[in-house]
Each structure stands twice: as structure tokens, then as C-alpha cells.
Amino acid sequence: MLLLSRTGTVCAADAELRDIDVSSWPCLGSPSGTAKTQDGLERNAMKNRPPVDLGGVRVEALDTAGFLKKVREYDAHLKSQRRGELSETEKANLAQYENQIVSLTGWLVLAYPGPPETTNCGDRNFHDWHLEIFESPSDHHPQIGDPTPIICEITPRTERQIFRDGVRLQAIAGFFRSGKEYQPTGHPAKQIRVTGFLAWDDDHNGRADVGGKIDNLTANGFHHPWRSTAWEIHPVMKVEVLDPSSNAPPKPPPTPSVVSTQSRESNANRSPEFITLTRPVAITIPYGETVLQPGQRLEVISRGPAKIRVKYLDAVYDVPIAAVE
């Protein structure tokens, strides 16, 4: 299944971060992607920066108000809306701004896969993940009158590490966009801290994209303006959940037909058992499909003759015994 992006182009139907291998990605050796203009090449090169070791790196910690104050000052210095309008001196200033690593703390109200674009060589599989970070949590997806978010993006070059850090978007976002639809994930948005490079996405710097409040919803169902600034954290290199116990999603009850009362009682008195996958396993999660990757370690709930019931993202799924180490 393919989805429709904000701009009407087709995007991937992925519903979760992946342990993705970029060795076959056409853009791996081409950080500028397939852009045809000089400003597009420069913009893509900023978005496609590889992750760096954050140990010992000075990271400026910002909340949403601090982030917006900081980048408004940069906008005032640049005095332009697009890279192509900048002088060489102004481009040198922009390079200093974009070479900073910062962190942003806010609420992940909405997440979704990005569309194919020149940044990723038009590839549907190797796409960015959009995180819409708000100052406050919300019990609804973005609507008219709501404030606009700060956009942060996980890229193919940073997705694997964030996945291996244990981050799952369905577990921390309040809503997930699938096609034209905004689907609740079943729990409140989590307060998170994202860390990465500051980037100026001047391709989205017009009035239709940037504004303080959402004015309208298009026929696609997307909100406009959809961002509070053209400045982003892109690429995101690290995602941390703050106080994850404060609004953790409720755990589903066990299925009596599979796990008996006697087995539940006995399980409570033993140490958890874990299995490791040796091949990919596709599962259906609440708002799409995802693939559990080889090497993933999962807690065992029960065993059957052909399948093992395991815990993943606070829900229970069956995996074939043939896929287990």
C-alpha cells in the first residue's frame, strides 16, 4: 500500500521505524540527492549529513520557545527567504548556523513517513520520518486554530541507530498520519527530546507553509500553515523520551484462549524469557504494518507447537518458530 503525501505525491506506507540497511540506497554516495538546482543541492547536502558521535559534543538545549527565538534571530540576519538569494557572505553565515547540533524538547503530537523527494533520490523505501513537535500535548490531531509545530526529521542515515536505541514512533506519538487520515495511536503524545543538526529548509519558507496558527485544512486533510518556521532539526540523530512512565499506554489484557490463568500465574513467578529473531517477520500493528528485523530480542508470552507469542510495543503478536534463533 502507498500513501498520499502533503503535496499529493506518493509516499511509503511504513508505520514504524526500521532497522534499515542503506548499503543499496542510490543516495548513499550522493548526499546532494537528485536535485537539479544549486540551492537544492546545497539544501539536500545539509539534510543528508551522517550521524556523529555525540559524546563530548556541546549541544545547546532548547524548548520550543527558545528554538523559535534562536532561529528568528537567524532569519533577521539572513534577510532572505531562499538560499539562492544569499550573498557569499550570507551563505558563510548560514553554514555556521547549520553546523550547530541542538536539542529540542517538546511533545510529539504527530509523526508520519515522508514522501519520495530529491533528498532521497526519489526512493520510496529510503525516506525521512517527520516528527511534528509542539509546545504542549494535545488530545486531537492538528486542527484549525491550533499552533503550528516545529518539524524534525529522521533520515535513512540516522534511522537504524534510532531504531536500535529502542525508539518506536507508534509508542511515543499521539497521532500517526496514514494517507489522508490522522489515526490515534491509543495513548497521549509523549514529551521527547530530539537532538541533531540545525537545518534551514528554505524550500518550505512561504506563507502557505510557515505561520503561527493553522488557518485551514486542504482537500487532502492536511493543515496549513503546517510549520512554525522553516528551520528544522534535520537530521535527527537521537530521540529520548522524558518521564516515559507519566503517560505510558495501558497494556492490553492477555488473550485467555492462548494464555490460561494457570500459565499467567506461573509466568508471574518466573524470570522473563526472551527469543531473538533470525529472519524478518511481518506483523500488523494498529495503524499499518511493520517488519520485525533479524536480531530483534522479544519477550516470550507463551509457546505453541508452531508459533511463539511475544510482546512488542506493549502488545502481543505471534511469530513462527522457524523465525526464532
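The model is predicted, so local features need pLDDT of at least 70 and side-chain atom pairs count only at pLDDT 80 or more, while totals for chains, interfaces and linings use all residues. Residues are numbered from 1 along each chain as its sequence is written, and side-chain values use heavy atoms, with hydrogens and water left out.

I begin with the aromatic rings. The structure holds five aromatic pairs; rings of Phe, Tyr and Trp (its six-membered ring) pair if their centres lie within 6.5 Å, and planes under 30 degrees apart count as stacked, over 60 as edge-to-face and the rest as tilted. One of these pairs is formed by Y74 and W231, a tilted arrangement with 5.6 Å centre to centre and 55 degrees between the planes. This pair links distant parts of the chain, with Y74 in helix α2 (residues 64-78) and W231 in strand β12 (residues 231-241), 157 residues apart. Helices (H or I, at least four residues) and strands (E, at least two) are DSSP runs, numbered from the N terminus. Y74 is buried at a relative accessible area of 10%, and W231 is buried at 0%. Here, buried means under 20% relative accessible area, exposed over 50%, and partly exposed in between, with a 1.4 Å probe and protein chains only. Ring pairs join Y74, Y97, W200 and W231 into a cluster.

I turn now to helix α4. In α4 (residues 156-164), the buried residues are P156, R157, T158, E159, I162 and F163. They pack against β5 (129-134), β6 (150-154) and β12, where contact means heavy atoms within 4.5 Å. Just after α4, G166 takes a positive phi of about 95 degrees.

Which residues does D39 touch, leaving aside those up to four places away in sequence? They are R82, R83, G84 and D202. D39 itself lies in helix α1 (residues 38-47) and is buried, with a relative accessible area of 17%.

Finally, the backbone. Most residues other than glycine have a negative phi, and most peptide bonds are trans. The bond from H224 to P225 is cis, with omega near -15 degrees, and P225 is in the loop between β11 (223-224) and β12. The bond from H234 to P235 is also cis, with omega near 5 degrees; P235 is in strand β12. K79 has a positive phi, near 55 degrees, and is exposed, with a relative accessible area of 71%.
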